Amino acid sequence: MKRVTPCIALLGGSFDPVHKGHVALADYFVALLKPDELRVIPAGNPWQKHGLQASGQDRMAMVRSAFSTQTVAVNIDQQEILRPSATYTIDTLRAIRQELGPHASIVFLMGADQLQHLNTWQEWQRMFDYAHICAASRPGFAMDAAHIPTEVAQEFARRTGTPEQIRTTPQGLAYLAPNLAVDISATAIRAALQRGERPISQLPLGVLDYIEQHHLYKS
C-alpha cells in the first residue's frame, strides 16, 4: 500500500568537515524510517559555533560527495548558508514546514552530543511543533538523566513514538536510538589534517580527496 504521508528526514550540521559519523547517523535512520527524502542542511552561521574553517561552498561540495551513495533521494539544502543572519534550527524547521505543508512527516535527526545541549537551542521545545526529533547515541553519551538535561529527558519520554508513528504523522514525537556506535569528532579530524595526517578511517574517501585537492584545514 502506497504511503500517503511523505516523510522527509533532515540532517543539519556544520559539516566542517562532514565525516563518517554523519553518514552513519543518516544511514541508521534511513534504514529505520525509510523516508522519501534525506535533506542535508549545512549550517551557515550557527549561533553556538564560531569560526567555521571551510567555506559554505566547500562544505556543500563535501556533503554532496559524502551522501552520493544514499539509497534514498538526497537534497542538499542551502537555506542556512544563504541566510545572512545567525542560523537557528527553529527558523529552518518553520521554513521547511511552510514549504512541505501541514501533512508531511518531517524528522529532524541529531547525535547524542547535540541532544545533551538541546535545552540551550533557540525555542527548542517549539521544534516539536514543526518536526519529530530522532537522536542516536554514540560511545560515552548515555541516554539517561546523568547525561541529558532533565527537561530534555522528560520531553523525550513524554513524546516517545514508534518509527511507524513517526513515519506517518507530521510532527511532535521523539525517538532515541541507543545503539549507534560511532565516535568521530570533527575537531579531532581538523587537528589531524593540520598535522599532515590522513584520517582515512574517519572520512569518506571522496571527502578526503576533496580536502586534499583544495588544501583545506591547513594550519
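This is a short walk through one predicted chain, from its overall build to a few individual residues.

I will start with confidence, since the model is predicted. The average pLDDT over the chain is 90, and 91% of the residues score at least 70. Strand β2, residues 37-42, has the highest confidence, at 97. Helix α5, residues 112-116, has the lowest, at a mean of 84.

Now the overall build. There are nine helices and six strands in the chain. The radius of gyration is 17 Å, close to the 17 Å that the globule rule gives for 219 residues, so the chain is as compact as a globular protein of that length. The C-alpha trace spans about 45 × 40 × 35 Å along its principal axes. Of the 219 residues, 51% count as buried. Take the contacts between residues at least 6 apart in sequence: 77% of them join residues at least 24 apart.

The accessible surface is about 10300 Å², and carbon and sulfur atoms account for 52% of that. The chain carries 20 positive and 20 negative side chains. The centres of those two sets lie 2 Å apart.

T92 sits in helix α4, which covers residues 89-100. Is T92 buried or exposed? Its relative accessibility is 2%, and buried means under 20%, so T92 counts as buried. Leaving out residues up to four places away in sequence, T92 touches I41, Q79, E80 and R83.

Most residues other than glycine have a negative phi, and most peptide bonds are trans.

The peptide bond from D16 to P17 is cis, with omega near 5°. P17 belongs to the loop between β1, residues 7-13, and α1, residues 20-33.

E123 is not glycine, yet its phi is positive, near 50°. Where is E123? It lies in the loop between α5 and β5, the latter being residues 132-136. With a relative accessible area of 35%, E123 is partly exposed.

H215 also has a positive phi in a residue other than glycine, here near 55°. H215 is in the segment after α9, which runs over residues 205-213. The cut-off for exposed is over 50%, and H215 has 60% relative accessibility, so H215 counts as exposed.

That is the end of the tour; I will take questions.

How values were computed: Residues numbered from 1 in each chain as written. Predicted model: local features only at pLDDT ≥ 70, side-chain atom pairs only at ≥ 80, totals over all residues. Heavy atoms only, no water. Helix = DSSP H or I, 4+ residues; strand = E, 2+ residues; numbered from the N terminus. Buried < 20%, exposed > 50% of the residue type's maximum accessible area, 1.4 Å probe, protein only. Contact = heavy atoms within 4.5 Å. pLDDT = per-residue confidence, 0-100. Rg over C-alpha atoms; globule rule 2.2 N^0.38 Å. Areas by Shrake-Rupley, 256 points an atom, 1.4 Å probe, with all protein chains shown as cover. Lys, Arg positive; Asp, Glu negative; His and termini not counted. Charge placed at Lys NZ, Arg CZ, Asp CG, Glu CD.
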